[in-house]
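Here is a short tour of a two-chain model, written to be read with the structure open beside it. Please keep the viewer at hand as we go from whole chains to single residues.

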Amino acid sequence: MIDIQSLTIVMPEITLAVVAFVCLIAAAACGPRVTRHIGVLAIGAFALAGGVLFCPERLKHLLDGALPVFAFGTQFVDDSFGRFGKALILTAASLSVLLSWSYFEKTGDEKPEYPVLIMFATLGMMLMVSASDFISLYVGIELQSLALYVLAAFKRDDIRSSEAGLKYFTLGALSSGLLLYGISLIYGYTGTTDFVSVSIALRQHMLTNPGIVIGMVFVCAALSFKVSGVPFHMWAPDVYEGAPTPVAAFFASAPKIAALILFARFLLTPMHAMAGQWHQIIVFVALASMLWGAFAGLAQTNFKRLLAYSSIANIGFILVALSVGGREGLQSMLVYLAIYALNTLGAFAVLLCLRRDGKPVNDIADFAGLGKTNPGLALAMTVLMFSLAGVPPLAGFFAKYFVLLAAVDAGMLPVVVIGVLSSVVGAFYYLKIVKLIYVDEPQGAFDPLPDWGVRSVLALSALAMIGITLAPSPLLDATMKAARGFIG
Amino acid sequence: MDSFPLLSVITFLPLAGAVLVALLARGGDCKTGVKISLGIGFVASLATLGLSAYMLHLFDPANTAFQFVERAVWIPAFNIAYIKGIDGISVWFVMLTALLTPVGLLSIIGGVRTRAKEFVIALLVLETMLLGVFTSLDLILFYVFFEGVLIPMFIIVGAWGQTKTGYAAYKSVLYTLLGSLLMLVAIFVTALNAGTTDMTALIGNPNLPPHMALWLFLAFFVSFAIKTPIWPFHTWLPYVYEETPAAFVVMSGVMLKMGSYGFIRIGVQMLPHASTDFAPLVIWLSLIGIVYASLAALAQTEMKRVIAYSSVAHMGYITLGIFSFTDQGFDGAMFVALSHSLVAAALFLGVSVPFERLGITKTARYGGMANNMPRYAALFMVFTLASVGLPGTSGFIGEFLTTQGAYLANSWYGVIAATGMVLGAAYMLVLYRGLFFGPSDKPDVAAMKDVNVREMAMFAPLLVLVLWLGIHPADFRHIYAPTLDKVISDYQAHIQGDTND
């Protein structure tokens, strides 16, 4: 007894799942020689899923997409908030596949499973974004995580990659345990796993019960692990450093988007009545992430580790937006997520462009003299770094601007001042890279740039950082609609 | 007024030039590439100067409202608009920026030996940012340009700095970034309380709660104090002057005025009460700055640092004049701002003449240059005297008026400010004596050739303006005076309106 309504709602996910399975069988049957074809298919599948997601026929069926609609009872929700998140995730996933275009060919680890795993991880993220029940939440997270564990260890002969995979798996399993324990407490005290019912139950009774607070804290800790918020961030620098660079780029973008949107759903639907309790947790994690991300980043010499700390600091800003809640908070969170994901993917693309004697470079010091050896790449990197530092007129400034504006509006002035000061500290390491590029002497020539895949991601990212400043309205309108769809 | 967006064209013309340079000229140290970049740079900056002069011609001094106003939608969701416009105050800063950029480009030819193409690009981007600051009438737009200055500044100070450690670049940029981010928080609070970031609305109606206005002023103050710089926020400036080629320091003469401009536009016009409350603090810091920087200038052994500290001292006169809240003080501050941009640029270009020939910055390594470089010695004399404040040069009028204004506010202020004038004469004349007089006993110094045609071309416009400002100031004053009178009468109306209530 499957209802058409539910199938219509999950049609984008079904599309992606079907293509992923077909690709999996093809990969198993044909081996490494079809890797490229499967990569093309994966990007096609992401585009197709995005097309189905925003297909006017489908939306018309779902009350024009104006209100949230539920599928399979209350397991799965489709609203404009989730649709925006899915669009971002699909974009980030497509760009990550493009980034890996020739990477594994050069390292000799070309395996057709790579795009397939990205597709399954993306499917998991789409489920996370639409989860409206603790069961579907858990299923989504696990589907995503299992694919990501394998991706982290994708260069299985490489000791660092294997280490990254193992570390990620161990800590990921721990956080899943925390998550399940928290969920079971919440279920035990409210008698339901459905977000809306939990919210109603909490509003009616048991508001101050310590058991439910502990459950909420456990779930918050597990989700902080997923978004790598301090003090649950320890895995991120090691995993970024060890994982193959395109995988690290993927880690820094799409899973963060999915986990943060899920975090927002968890805090603002079932836990809405407990805002007084979770607000301080989120503010603490936000402050700790901004400060630690800024200060610890100063000491890094490996560019991927630096980007890991940079993403921790950025997550701090996003959590500030989340702690504001409300429509303004959510909107600024989505704006930040979109700009941050594009910006970070661009930074990884620069790293992927640089090879010396056939070997990828990973050290910050390797950027020395890029302004002389490759002015175009240097210019793009400068734009991306100044944007990450939050210097106007680049898009990164507006991301921070909207978050801080929402926070000031909510009366969180001390948090804003600390955030601002930490971003001055963080600016130092972005400036350090610009300085290396333009001031220091090059240490020998780089190999020719890789194919169009990486370069197009880089160009898109750098141009977006300027384009969003010139025409911010499309992004702001879309995020406004998304935030309205959730908060109303 | 016709609908031609004159201010936007003026602002973005240098940026268009920079894009053209980036696309057309070959990089590296290719000779033709440098020629093409400089050519495009001159065309773009001279066109900007021409348009600015045309704008000055159309400008109606009697009209104290903003002119050439452009409004466009930018971020409607957050009520942020693209608003541009100028009044009698900002029109001069636009003119100065437009004038000094071609001079800076000229000094690239001798002063920047590596990657001149990239320098031209950075300088043109810097010009756009500066013009943007002075013509923006929305706080957010103002902020975007204000902080956008940091990008070309970091790259120039870092990439063309002498020591290559990047210390000066980090220090100046992180320091100013700290200040401007505090300003950003203040802008948030203003935006949320007043409901708009439109400066034309905020200026007419500065109704912010008093306790909040104090904090806002403090945040804006730190930002502008670092930019200006006011003692004790000045420590980044000597490093930048010491490290960077003259082409950038010429521009930084206007860059520092972003702080003075901010004090008038946001301090006095938008937060009049808080400005009054903080005036004694700002005045004392300015006075300490004048005396301290003058003494520090006396103690310097490197000529570039002398000019740097002399800049800090002169910027002290500007803030002193503004915060004395007298007609003379305002008038004088505006005049010092005009004069200092020209004189500081000229002095720095001046000390760069022997530096570019020999690469030495120690004053003691020079001497007797009056013998083999008479034209240079004469030029430098005029600018030295202008810096000292000799009547007949642009320096005199501004320093005299600010000191007078300070005296009217409090006689002690006037006395201390006057001390600075004496000290100013001392350090400039000591520098002049060290460079130009004495025996020509150093063979490399004695062998230097006098200033060439290119260098004369750099000094010529500055020389003409410095003397013109000094001999017939009314030609310049009549443009800004009505606006300035309006600013101060509005200010007094606000303060008195408040006490009468």
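## Chain B as a whole

In chain B, buried residues account for 61% of the 501 residues. Please bear in mind that this is a predicted model. The secondary structure of chain B amounts to 21 helices and 2 strands, and its C-alpha trace spans about 75 × 55 × 40 Å along the principal axes.

How does the radius of gyration of chain B sit with that of a compact globule? A compact globule with 501 residues would have a value near 23 Å, and chain B has 22 Å, so the two agree. If we take the contacts in chain B between residues at least 6 apart in sequence, 80% join residues at least 24 apart.

## Chain A as a whole

Turning to chain A, we find 22 helices and 4 strands. Its radius of gyration is 21 Å, close to the 23 Å from the globule rule for 488 residues, so chain A is as compact as a globular protein of that length.

Buried residues make up 60% of the 488 residues of chain A. Of the contacts in chain A between residues at least 6 apart in sequence, 80% link residues at least 24 apart.

## Where the chains meet

The contact between the chains draws 29 residues from chain B and 26 residues from chain A. On the chain B side, helix H5 (139-148), helix H6 (150-159) and helix H7 (167-194) each supply at least two residues. Which of the elements gives the most to the side of chain B that touches chain A? That is H7(B), with 13 residues. By class, the chain B side holds 23 nonpolar, 4 polar and 2 charged residues.

## A helix pair in chain A

Helix H12 (residues 235-242) and helix H15 (residues 303-324) of chain A are worth a look together. They pack at an angle of about 140°, with their axes 8 Å apart. Angles over 145 degrees would count as roughly antiparallel, so H12(A) and H15(A) are oblique to each other. Their crossing is right-handed.

From H12(A), the residues A:Ala236, A:Pro237, A:Tyr240 and A:Glu241 take part, and they meet H15(A) residues including A:Lys304, A:Arg305, A:Leu307 and A:Tyr309. This contact of H12(A) with H15(A) has 7 nonpolar, 1 polar and 3 charged residues.

## Backbone details in the loops

Most residues other than glycine have a negative phi, and most peptide bonds are trans. With that in mind, let us visit a few loops. In chain A, the loop between helix H11 (210-227) and H12 holds A:Pro231, and a cis peptide bond with omega of about 5° joins A:Val230 to A:Pro231. A:Ser228 is also found in the loop between H11 and H12 of chain A. A:Ser228 is not a glycine, yet its phi is positive, at about 55°. Is A:Ser228 buried or exposed? It has 26 C-beta neighbours inside 10 Å and therefore counts as buried.

In chain B, the peptide bond from B:Trp231 to B:Pro232 is cis, with omega near 0°. B:Pro232 is placed in the loop between helix H9 (210-227) and helix H10 (236-243) of chain B. B:Phe325 lies in another loop, between helix H13 (303-324) and helix H14 (327-358) of chain B. B:Phe325 has a positive phi of about 55° although it is not a glycine, and its 21 C-beta neighbours inside 10 Å make it count as buried.

Notes
Residues are numbered from 1 along each chain as its sequence is written. Chains are lettered from A and ligands numbered from 1 in the order in which they are written. This is a predicted model: local features need pLDDT of at least 70, side-chain atom pairs count only at pLDDT 80 or more; totals for chains, interfaces and linings use all residues. Two residues are in contact if their C-beta atoms, placed from the backbone, lie within 7 Å. Ala, Val, Leu, Ile, Met, Phe, Trp, Tyr, Cys and Pro count as nonpolar, Asp, Glu, Lys and Arg as charged, and the others, Gly among them, as polar. The radius of gyration is taken over C-alpha atoms; the globule rule is 2.2 Å times the number of residues to the power 0.38. A residue is buried if 20 or more other C-beta atoms lie within 10 Å of its own, exposed if 12 or fewer, and partly exposed in between; C-beta atoms are placed from the backbone. Axes are lines fitted to C-alpha atoms, for helices over the stretch in contact, and angles run from 0 to 180 degrees between N-to-C directions. Angles under 35 degrees count as roughly parallel, over 145 as roughly antiparallel, 65 to 115 as roughly perpendicular and the rest as oblique. A crossing is left-handed if the near helix is turned anticlockwise from the far one by less than a right angle, and right-handed if clockwise.
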